[in-house]
Each structure stands twice: as C-alpha cells, then as structure tokens.
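The structure is shown first, and the description follows.

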Amino acid sequence: MLLTLESEKICLSVETLGAQMMSICATDGTEYLWQGDSRYWSDRAPLLFPFVARLTNDSYRFHGKFYNMGIHGFASKSEFIPVVKEKDRLVLALNSSKETMQQYPFDFCLQVTYKLVDNSVLVSYRVANWSKEIMPFGIGGHPGFRVPLDSSEKFTDYMLEFSEACQPDRVGFTPLLYLSGHDEPYPLENGKILRLRHDLFDNDAIILKNMAKKVTLRSQISGRGVAVSYPNMPYLGIWHWPKMDAPYVCIEPWTSLPSRQNVVEELSCKSDLVHLSHGESFDTTWEITIL
C-alpha cells in the first residue's frame, strides 16, 4: 500500500512493503529519489535490518546455533503496519513473527517514522527488544538519488561535499565484498569533496568511517541536490551498480558492517552491531534535505 505525506515544499510517498520511500518530489515537480530501473537497480530506498550487507554463506550463528538470512536482512521484504498516518508524519511498524523467528530468533518491534519538516525528510528508527536475551542487530538506509536531475547535465557535473574537512577511512573489502580487515585512508579534495565519476564504483561500494556527519550531493552547475545528515550512524556507504553508467547515487547511513569473508559470524560477538538488552530500545534519526 502506497501512503503519501505532504508539506508546503515536499511530497513523500512510502510503500508499506519494506517501509520503503518511493518518491521525494519537490513542489516544482522535481523528483529527487531514484525511481528504479531493472537495467541499473530496481530498488529505490530499501531499509536494511537486522543485518547490513552480506553474511558469509548467507548464514550466522547465535550461541552456536546456525541461522540463514539473505543480504541486508528481511525488513525490505516485509509488510509493515501503519501505526500513525498524519498529513506530514507516518509511523510504520514491523513486529517479530514465526517467519522472522526462523531467520532471526528474537522478539522485537521495529518502528520507522517519516516526518516532513520544511524541505527535509526526517527518517527515524526505533528498535525494541522484548526477548530475554541481548539482541544484536544492524540497521541502515539505502536511498538512491537521481544524478543528474536535469537532462542538460551529466553525472560528472555532480559532487559530494562533506560538511567539514575530515580524514575518512575506507573500510576494506575483499573482491567478494566481505570485510578484509584492511582499512585505508580515503583522501578527499580539500578534505571535503568527492567529484563523481562512474568508475568510482567499479569495485562496488565506497564504505567510509571517521567522516563528517553530513554530506551534500549537488550539481556544480545548478546547485540542486540533496543533503544527507546522519549524526549517530558511524558508517556511510556511497554506491551505484558497479561497472555501469548508472544515473543515480546511493547515500547509505549504516550502524554496522558486513561479515568477514569465510567466517560464519557469531552475532553475539560481532562488536560493530548494536547489542540491545531485554526491554531496552534503540533510537536514531537521519535526514534528507532538498536543496
């Protein structure tokens, strides 16, 4: 079911299947969100939960027992229930079930809130643990943004600019896109700028840590674009489908990282995950602002 929120400056559409944003449209008619195309990438803004990216053999252990779960977890394929629907605010919920327990043996409630404030979309996650055991999980966003926004522009007319000078590290990946354990400095122009080229993504995603907590994707010609801020998310993915002239870029705030290659992870020992005690909840918010 498609639900729509409106403010004076933005119209946001969200699908209850996966709680996925489907459109971020300005009042002038400009669509900022990637609209999906099987030639490049069919999704638009999937929600990543309860694991971000890949698990070795699509499997993990919890206290020695093996479980199977696909890339980015199951939230993006799950039907969410609308809890609150207002003109400019939407709350969607996913509760644990027999189906989720087969992949992830925890009693949880995940709520996703979308709220429009002026020219921004605030995306909030709340995860509550009702299991008796400590619940490890990862969560993140994966929105794609149209690049270019105008047919008169080129992909290379766009740049990413961080809000302050920083010295990020690029998280090391193996050729099969698992953690390699070898992170490297990722220098930015003037400590802030990454100019877009398609070949940046020939080896798949650029995953950064120790970066500034806001990045702006904008045209160097028109100045149009989006700013994404993620104050409590320690990792940032930048991606489009590898070795392709894809007309979009994903900006992905993550709380955690994928598995190591050839290691079936014991989730209770994976330190980058959020580890939530019984009865506790985890809250985080990130934001998309239309320039």
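## Largest cavity

Ala19, Met21, Ala45, Pro46, Leu47, Tyr114, Val123, Tyr125, Gly141, His142, Pro143 and Trp286 line the largest cavity. A cavity is here a set of points, on a 1 Å grid over the protein atoms alone, where a 1.4 Å probe fits but cannot get out; lining residues have an atom within 4 Å of a point. The space in this cavity is about 60 Å³, where a volume is the space filled by probe spheres set on the points, which are joined across faces, edges and corners. Its lining comprises ten nonpolar, two polar and no charged residues. In this classification Ala, Val, Leu, Ile, Met, Phe, Trp, Tyr, Cys and Pro count as nonpolar, Asp, Glu, Lys and Arg as charged, and the others, Gly among them, as polar.

The model is predicted: local features need pLDDT of at least 70, side-chain atom pairs count only at pLDDT 80 or more, and totals for chains, interfaces and linings use all residues. Residues are numbered from 1 along each chain as its sequence is written, and side-chain values use heavy atoms, with hydrogens and water left out.

Two cavities of 30 Å³ or more are found in a search of the whole structure.

Strands (E, at least two residues) are DSSP runs, numbered from the N terminus.

## Pockets

A pocket is an open set of grid points with protein on both sides within 12 Å along at least five of seven lines. The largest pocket contains about 820 Å³ of space. Its lining has 34 residues, of which Arg54, Leu177, Asp204, Ala205 and Trp239 are the closest to its centre. Strand E16 (184-185) and strand E22 (248-254) each supply at least two lining residues. The lining divides into 17 nonpolar, ten polar and seven charged residues.

The second largest pocket has about 150 Å³ of space. Among its lining residues are Arg61, Arg260, Glu265, Glu266, Lys270 and Asp272. Its lining has five nonpolar, one polar and six charged residues.

## Salt bridges

A salt bridge is a side-chain nitrogen of Lys or Arg within 4 Å of a carboxyl oxygen of Asp or Glu. By this rule, eleven salt bridges are counted. One of them joins aspartate 183 and lysine 209, with an N to O distance of 2.7 Å. Aspartate 183 lies in the loop between strand E15 (169-170) and E16, and lysine 209 in strand E18 (residues 206-209), so the pair ties together parts that are 26 residues apart in sequence. Aspartate 183 is partly exposed at 35% relative accessibility, and lysine 209 is partly exposed at 24%. Buried means under 20% relative accessible area, exposed over 50%, and partly exposed in between (1.4 Å probe, protein chains only).

Two further pairs involve residues of the second largest pocket lining. Arginine 260 pairs with glutamate 265, their closest N and O atoms being 2.9 Å apart. Arginine 260 is partly exposed, with a relative accessible area of 43%, whereas glutamate 265 is buried at 5%. Aspartate 272 forms a salt bridge with lysine 270, the closest N and O atoms lying 2.7 Å apart, and both residues are buried.

Note on methods
Helices (H or I, at least four residues) and strands (E, at least two) are DSSP runs, numbered from the N terminus.
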